[in-house]
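Here is a friendly walk through one model, with the cut-offs spelled out along the way. Please have your viewer ready.

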Amino acid sequence: MDKTIGQKKKTLPFDENVRRLMIILVVLLIVTGVTKSASFVNLSNFQSIGKQLTEYGLMSLGMGICMISGGIDLSTVYVANLSGICAGLIFQMNLPGNVAVGCLAALCVGLLCGAFNGVLISYFHIPPMLATLGSYELFMGISVVLSGGSTVSTQGQIELLSSLTLLNIPLPFLIFIICTVALVCLMGKTKFGTRTYLAGTSEKAARFAGIHVNTTVIKCYMLSGLLAGIAGLISLSRLNSAKADFGTSYTMQTILVAVLGGINPNGGAGRLSGIAFAVVILQLLSSYLNQFPTISNYYRDLIWGAALLLVLVFNVKISQKSGKKKD
Amino acid sequence: MDKKIKKVVKQTEFYILCIIIVFAVIIQIRSGQFFTSNNLMDLVRSMIVPGIYALCALLSFVSTGADVSFPLIAALSAYIAVLAGNTWSLGVVPVFLIAVITGCLIGCINGFFIVRYRFNSLIVTLGTSSICSGILFGAFEAGRTELPEKLYALSKVNIATVKNESSGLGSALPGTFIIMIVLYAAAYFILNYTMVGRSVYALGGDEISAERAGINVKKVRFGVYVVNGGIAAIAGLCYAMMSYFYMPNEYAGAEMLVIAAVILGGTRMSGGIGTLKGCLLGTFLLTMVSNSLILFGISVYWEKVVVGAIIIIGTAISAMQAQRASNPFAVRRKKEA
Amino acid sequence: MKENVLCVKGIKKSFGGVHALKGVDLTIKKGEIHCLAGENGCGKSTIIKVISGFYKPDGGTIEIDGKEYANLNTAEAISAGIQVIYQDFSIFPNLTVMENLAFNQVLAEKKKFVNKKEYRKIAEEAVRKINFNVDLDARVESLSVADKQLIAISRALLHNAKLIIMDEPTTALTSKEVKRLFAIINELKKEGITILFVSHKLDEVFEISDSITILRSGENVHSCPIQEMNEEKFTYYMTGRNFDAVPEKEKISFEERKSMLKTENLSAPGFENISFDLHEGEVLGIVGQLGSGRTELSLALSGMLKPFAGSIFLEGKEVRLNSVSEAQKCGIALVPEDRLTEGLFLPQPIYKNISVTCLDALAKMAGVLKEDDEKTLSQSWVDDIGVATKDHTLPVSTLSGGNQQKVVLARCLATKPKVLILNGPTVGVDIGAKYDIHKLLRGLAKNGMAVLVVSDDVAEVSALCDRAIIMKAGKFAGELKGEELNNENLYKVTA
C-alpha cells in the first residue's frame, strides 16, 4: 500500500483531509439545523453532544497517536476502565483528600499501562496489534480482580467533572478541546511529533537517523494511556460507576474515528485535527439519528461501518485525481 | 532420521506442544482432574467453535493480514439461516446452505475492498464487522431465537458421552465436532494438495513472484475472503447448535482470542507461514488455560490476567525468534568472503 | 534471421506521459553472452519486461528465434524459451526449495492437484543441470542470496530456456559466488543457451560478455562486440559526457596529521580485532566483499552496533558509542548501505529527510520546531550539494537514485561531522551523480574532514581513497597505501 501524505500547502492552514472534514461538518450542521431545527438546534442538545463525545474522542486521539507511530492501541478502552475502577475504589475508601488521590491514581494507571504497552512493542518487538491484544486481556483481568467482578460505585465525588459548564460549554468538551489543541501542537510542531511521524514511516531509517525509536514509541503509548485515564475519570464522573467490561464497542469506534479522521493505519501520516472533526461529525450524526425514533441506535454501527469503507474509497479517488493533476 | 528430528524440534508447533504437555501435567498434579475423560471431552467441546474460527484467521493471515470480522459474519449468517429455517420449516441442510451463502456474500464485501483498493485488512474487516452488527441489531433487531426444529434435534445429537465415575460429572461431545473435523480435513487437503491452496501460501510469501508465476493474485485473495465468510457462517450455526438457542449477543469479541491462538500456533502476521496443526495447538492451549484455571486452584477472576499474560509471553517469544531469524549479522557471519 | 535468438526493432513504450522506450533495437545472436548496459532509468528493465511479455509495447516488432510475435504475453514468452531472472529472483521465501523449483511449471501446466513425488522429480532434475547441491526440503528464506539465485537459475532451465535474461545478477554475491555464477553461465553457453546479462559493473561486463548494447534515456546508443569496447568509450556512451578526472588525490602521507578516528582491537558480531587510525583530511577505504564484516564495522563505528571488545578513540579520547545520536553528537555520521530502507523516509518530503538529524539543534524552547527553520536548512543543503529538485516539499521518492543518495549525504553533513563514514556510497547511482559524490568527498577531505569509505567497488576505492584496509571474513587482511593502492592490487587482495 502506498503511503502518501496530504501535502501541506503553504497558503491554507489545514491538511486537505481535514479541510474536507470541516466542509462535511458544516454541511451536516446545516442539514440538521434545517430539518430538525426545533428539537435539534438548542443548547442542551449541543451540550449533550459535547459531553457524549468526550470519552471516545479522547481515546481516539490516543489511538491516532499510536497509529501515526506505526502501531495501534487495542487496549485503550480497558485502560480507561481500569483507571476508573482504581479511582472509584480509592473514592470508596473515604480517606481525606481521596478525590485528588483518586484522580491522580487514575492518571498514573493510564501512564503505567501505556508504558507497559510501549515497552512490549519497542523492546520486545511484539507487533502492536498482538501486544495490545494481550495487554487488553491483562488489564481487563486486573480490573476484574480489583473490582471483584462487579461494578464499582461512587457517590458523586467527581460529578462536577461531567456536570460543570463554563460559558455554557460542558467541562468534558472543554477538556477534549484543550487536549486536542495541545496534542495537535505536540504532534505538528515539536521534534517529538516529527520523530513520531518518521518512526511510523520507517523504523529502520529512523534508527539510522539517530532517533531514539524505543523512547518515542513508549511516549506515544503513554500518551494514549494518559488520555484513556482521563476518559475513564470522565466516564466515572458521568455514570458514578466503573466496571471491567464497559464500552467494549468503543475500541472499534476509536479506530474508525482515527481512520475517518485521516490517519493512515500503516503509520507516518495523518493529522490529529482530523480526528477531532471526525469525532464531532460522528457524534452529531449519531445525535441527529436519535431524533428519528424509528431508527434504532444499532443502525449507528451500520452507518459507521459503511462510512468507514466509503471514506477510504473516497480518499483513494481524491488522491488519484490530485496525482494526475501533478503531471 | 537425525535431520528430520532436528527439523521437527525447530518448529514453533513443537514448542507449543511441549508447553501444553507441561501445563497438562502441572494441572494433573495439582488437581488430579486433568486427564479425566470428562475434562478432556469438555476441552475438546470448547475448542470446536474457536477451532473453526481459527481456520478463518489462518487463511487471512497467510494470504493478507488480520481478519476480525468472522464472529459477526457468523452471527449474521446464522441469524438469517435460523430465521429462514423457522419461517419456512427448513431442514438442516438448507439451513446450513443459507448460512454459508450469506457468509460468502458478506465475505465478498471484505474481498472487494481488500482486493480492489488494497486497503489494510484489519480496517476493512472492522468496517464489515460493524456493518454486520448494524444489520443484525438495527435492521433485524435480533434477539434470542429458537432454532428450527430439525436443527434443534440435530444439536441434541451427541457422538460420544462419558461419565467420570469418581466425580459423577458427565460430558458429551456434540455432532458439531464432526463438522470441525470435516472442515479441517478439507482444509488440509486443499491447502497442501491443490494448486489453489498452494497459491494462497505462495501469494502470502511473495506477491510479486506469485503474479509473475501466473497466479491470479486478486482472484485468489478474493476467494480467501469469500471462503472465510462461509467458514464463519458454519461456525456461527455450530455455536447456536451447541447453545441450543441462537443468541446474537454471544458472538462478538471472539476474534481476539482466536487471533492470539493462531499466532501462538506459529502463524506469522507478515504472511506466508502458518499450519493447521499450529491452529489446533494454539486453540487447545488457550482453551485449556481458560477452562482449567479452576483445576489449577486459581479463581476464575484471574482468568483474563493469565490469558493475557500467556498471550504476551507467547508473542514476545515468537517475536524474538523472528528477530533472530531475520538478523543480518547472524546470517552474514556464516557466509565467508 | 535464424542465427539470432532475439531480434526486436523499434520498441516503443510509454507510461502516462513518460516515454520509457523511444524506439529500441536489440539483436542477440544464438549462444552468445550479451550485455545490456545503461544508467538507472535508461529503459533496461522496461525492455526486459517487453521481451518477456509482461508489458505490451506501443510500437515495434518482436522476433524470437525467427518467429514474429504480435501480441506476446508471459505464457507465450515462456513457451518460446525466454526466462527472466529478476533481481529479487521471484522466489517464495516461505516455501521449500522443492516447491519453488516445481511450482511454476506445475502451474503452467494448469494442473489442479499437487503430487509431491512429481514435485521432487522436477526439483531433482532442475538442480542436476547445474550440479547444485541443496537440501530440497529447506525453506528458501533460510538460504543465502547466492543459493537463492541458483534456485532461480535452476528453475529457469527447467523450461527449455533458449534465452535467459539475468537482471543485475551479481549485486548481492561475494567474489567467490560471482566466480561460480560465471562458471555456470559459461557452461550454459556451451549447451547453446543464450544469456542476456544486464549490468553496469564494468569489470564483469568485460570479463563475461561477448557483445554489448548500451541504452540511454530509452534509446540505443551503441552496440558492438566486446573487443571493440573500452572503459573510456563505455563511460562516454553510458552518460554522453566525458568526465574530467576527479581531483587528483595528493599523494601525501597523512600519518603526521591529527588522529580523528582510531580503533584498537575492535570486535563486534561480524568482525574481530580490527585496528586502524584515520587522520584528519584522509580518505580511508575499507574494502571487502559481502560477508567480510565491513558493514558491521561501519555500524559499530556509528553507534548502531555495540562492540563487545576493543576501543574506539575520537580525536585521541576514548568514547563509548551507545546510540546513533550519541555518535552524531560526537561528530560521527554514517551514510548507510541501503538508502531505500535505512537512509530515507520515502513518502516524506525531501526537507524532512534532510532536517531529521538536526531536530535537537533546530528546536526552540520546549521542543517546539518551526517548519520554516527546517525548510531553510534543507534548502541550503539542496543548493550546496546539488540535489536536482525544484521543490523540496515533494516526497523524496520522486528523486533518482543519485539524488536520493545526495539527500542522505546532506542529512549527514548537516550534523557537521568530524568523521564521515559511508557504506557503499555510489551503489545504484548513475555515473553523473557518482562523479559528483566523489568530487564532493574529496572536497570535504581537503577541508579537513576525515572520511571512511566502506565499499566493495574496487575501482571506486582506488580512485577515491588515500589508503585502503582490506577485510576478509571479519578479520584484517592487509593494507594498501600510496602507489600500491591501485585496481590490480586490490583485485588480487580481495579475490
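The notes below go from conventions to chain A and then to parts of chain C.

## Conventions

This is a predicted model, in which local features need pLDDT of at least 70 and side-chain atom pairs count only at pLDDT 80 or more, while totals for chains, interfaces and linings use all residues. Residues are numbered from 1 along each chain as its sequence is written, chains are lettered from A and ligands numbered from 1 in the order in which they are written, and side-chain values use heavy atoms, with hydrogens and water left out.

## Chain A as a whole

Chain A holds 14 helices and four strands; helices (H or I, at least four residues) and strands (E, at least two) are DSSP runs, numbered from the N terminus. Its radius of gyration is 20 Å, close to the 20 Å from the globule rule for 327 residues, so chain A is as compact as a globular protein of that length. That radius is taken over C-alpha atoms, and the rule is 2.2 Å times the number of residues to the power 0.38.

Of the 327 residues in chain A, 57% are buried, meaning under 20% relative accessible area (1.4 Å probe, protein chains only). Chain A exposes about 13,100 Å², with carbon and sulfur atoms supplying 66% of this area; the areas come from the Shrake-Rupley method with a 1.4 Å probe.

## An open sheet in chain C

In chain C, four strands make an open antiparallel sheet in the order S12-S11-S14-S15. Strands pair if DSSP finds at least two bridges between them. At the edges are S12 (271-279) and S15 (317-319) of chain C, each pairing on one side only.

Three bridges link S14 (residues 309-314) of chain C to S15(C) in the antiparallel sense. Here C:Phe313 sits opposite C:Glu318 of S15(C).

## A parallel pair and an enclosed helix

Strand S6 (residues 82-85) of chain C runs parallel to S7 (residues 163-167) of chain C, and four bridges join them. C:Val84 faces C:Ile165 in S7(C). In a regular strand, side chains alternate between the two faces of the sheet. Both faces of S6(C) are covered: C:Ile82 and C:Val84 on one side, and C:Gln83 and C:Ile85 on the other, are all buried.

Helix H15 (residues 401-413) of chain C has 13 residues and spans 18 Å from its first C-alpha to its last, close to the 18 Å expected; the expected span is 1.5 Å times one less than the number of residues. In H15(C), 13 of the 13 residues are buried, so this helix is largely enclosed by the rest of the structure.

How values were computed:
Buried < 20%, exposed > 50% of the residue type's maximum accessible area, 1.4 Å probe, protein only.
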